[in-house]
Amino acid sequence: MSFDRTLEPRPGAIRPFHFPAARRARLDNGLSVLLAARNALPVVTLRMTVTAAGAAGEGEGEEGLATLAANALEGGTTRLSGEALAWELERLGLQLETWATWDALHLSCTTVAEQLPAALTLLAEVVHAPAFPAAEVARMRGEQVAQLLQRQVEPRALADDMAAHFLFSADSPYARPLLGRRAALEALGAPDVRAFHARRFTPHDATLILAGDLEPETAVALVERSFGDWSGAAAARADVPARPRFTALNLQLVDRPGAVQSELRIGHVGVARSHPDYFSLLVMNAILGGAFTSRLNLCLRERHGFTYGVRSGYSFRRSPGPFLIQTAVGTEVTVRAIQETLRELRELLADGPTDAEVSSARDYLAGIFPLELQTTEQLAAKLAELAVHDLPDDYFEEYRARILAVSRDDVLRVARAHIRPADLTMVVVGEADALEPELAATGLAPVVRHASETAVAAG
């Protein structure tokens, strides 16, 4: 067979893909169980998602408590010390991961199928019988404070935290880092973690996900045996304020003396994960800045050489998270990069995308979807979205079809509805003395300069 190497290869048709059927059960104590069988390999991923224990539910003075509680779950149980728990996990070949997001607290591990009963028993012990030893909580609190301090000197993390600080109103938890605030965190101890666990960890607010080589009926029986004695009344989900700090175009300059680059964050408050425009927004964002071939990347990277890469995106949460464009550019091209970014936004809103752009974005998003489901861990993560965002069990079966149904008119409509140039917050983290005169000369918005200590106050 001969090939004409002067012709660019054309992509083939999108191959069919079927999301593994999700099955749901509920124990008498209120614990939801989501299962998806995938028998290609003899492994099962277990993932516990507790929707009442996300960081958005932290009260005043508790900022950082959800992450601290998540980490402290690895400090031991009422039966096993932290060291003994680590050895037991090692014996079973398990790597337990625990973390908090704004919307939930998660625990995850993957086991060989034959060890599923033992893995479930140990996970249940960690979930509803943690000890939270004072020394372990103190050690983990120290590590978390160190992470916060590190974020204040790492340019990308600093820019992310400053963007959140300036995007959201002061009463929103989204205005501060997920890790918390240093002053609050340093005052927290083991009693606070135990109280948080007691009121937030209940079976009514939890979903146990099993994905992999399993037989659903047998798996549910094993879950009942391990988790059936867990009890507790349901906790209320947090009502998160997600109001903007500013209601007009604004420019915040955070000084980072000596920096040769500027970290740029441009955006505003976005939409919740439950918004009906979700699929059209995915396609729109892929065209704007969500793919390597996006308009922003072709402009700032390929045409002008300002950056190694730029991206835009929505942080979809139960309450509206941020819509942000983010990149890093040299100090000398900072203003031009901002101007080009705003121009790309205006052009998208004025003229809309081309049919070719919409087709390419749809095919890209539909094409990569199966690649996001190659492992049992990835499958369990998708199922966790069902639990966190109250999505129907068959949601991902129609996912690609709904992506492919987005039209050019849909993209233009959601762009004009959900991108608001007049409300943008522009955050520049860089050498303020070099940047301030040129930024002010653009006349885009008054430049509000902040010393680097602003980061300390925000965090």
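This is a predicted model: local features need pLDDT of at least 70, side-chain atom pairs count only at pLDDT 80 or more; totals for chains, interfaces and linings use all residues.
A: Let us start with a term: on a grid over the protein atoms, a cavity is a set of points where a 1.4 Å probe fits but cannot get out.

Q: How many cavities of 30 Å³ or more does a search of the whole structure find?
A: The search finds 2 of them.

Q: Which residues lie closest to the centre of the largest cavity?
A: A lining of 15 residues surrounds this cavity, and Ala56, Gly57, Trp102, Ala238 and Arg318 are the closest to its centre. Sorted by class, the lining has 7 nonpolar, 4 polar and 4 charged residues.

Q: Now for pockets. How much space lies in the largest pocket?
A: A pocket, unlike a cavity, is an open set of points. Here the largest pocket holds about 720 Å³. Its lining has 32 residues, and those closest to the centre are Arg273, Tyr278, Tyr314, Phe316 and Glu385. Helix H9 (278-290), strand E9 (310-314), helix H12 (355-368) and helix H13 (376-388) each give two or more residues to the lining. H9 provides the largest share, with 6 residues. By class, the lining divides into 17 nonpolar, 8 polar and 7 charged residues.

Q: What volume does the second largest pocket have, and which residues lie nearest its centre?
A: Its volume is about 410 Å³. Of the 19 residues that line this pocket, Arg151, Asp160, Asp161, Ala164 and Arg317 lie nearest its centre. The elements giving two or more residues are H5 and strand E10 (322-330), and H5 gives the largest share, 5 residues.

Q: Let us look inside H5. Is Ala163 buried or exposed?
A: Ala163 lies in helix H5 (residues 155-167). Buried means under 20% relative accessible area. Ala163 has a value of 0%, so this residue counts as buried. Leaving aside neighbours within four places in sequence, Ala163 is in contact with Arg265, Leu324 and Val427. Sequence distance and space can tell separate stories: Ala163 and Val269 are 106 residues apart in sequence and 11 Å apart in space, C-alpha to C-alpha.

Q: What tends to happen to nonpolar side chains in soluble globular proteins?
A: They tend to be buried together. In this model, the largest nonpolar core has 74 residues, and Met48, Leu210 and Phe227 touch the most other members. Helix H3 (residues 116-128) gives the most to this core, with 8 residues. A second, separate core of 67 residues includes Ala211, Ile266, Met284 and Val310.

Q: Which residues are in contact with Met48, leaving aside its neighbours within four places in sequence?
A: Among them are Leu31, Leu105, Val127, Phe227 and Trp230.

Key
Residues are numbered from 1 along each chain as its sequence is written. Side-chain values use heavy atoms; hydrogens and water are left out. A nonpolar core is a set of buried Ala, Val, Leu, Ile, Met, Phe, Trp, Tyr and Cys residues joined through side-chain atoms within 4.5 Å. Buried means under 20% relative accessible area, exposed over 50%, partly exposed in between (1.4 Å probe, protein chains only). Helices (H or I, at least four residues) and strands (E, at least two) are DSSP runs, numbered from the N terminus. Contact means heavy atoms within 4.5 Å. On a 1 Å grid over the protein atoms alone, a cavity is a set of points where a 1.4 Å probe fits but cannot get out, and a pocket is an open set with protein on both sides within 12 Å along at least five of seven lines; lining residues have an atom within 4 Å of a point. Grid points are joined across faces, edges and corners, and a volume is the space filled by probe spheres set on the points. Ala, Val, Leu, Ile, Met, Phe, Trp, Tyr, Cys and Pro count as nonpolar, Asp, Glu, Lys and Arg as charged, and the others, Gly among them, as polar.
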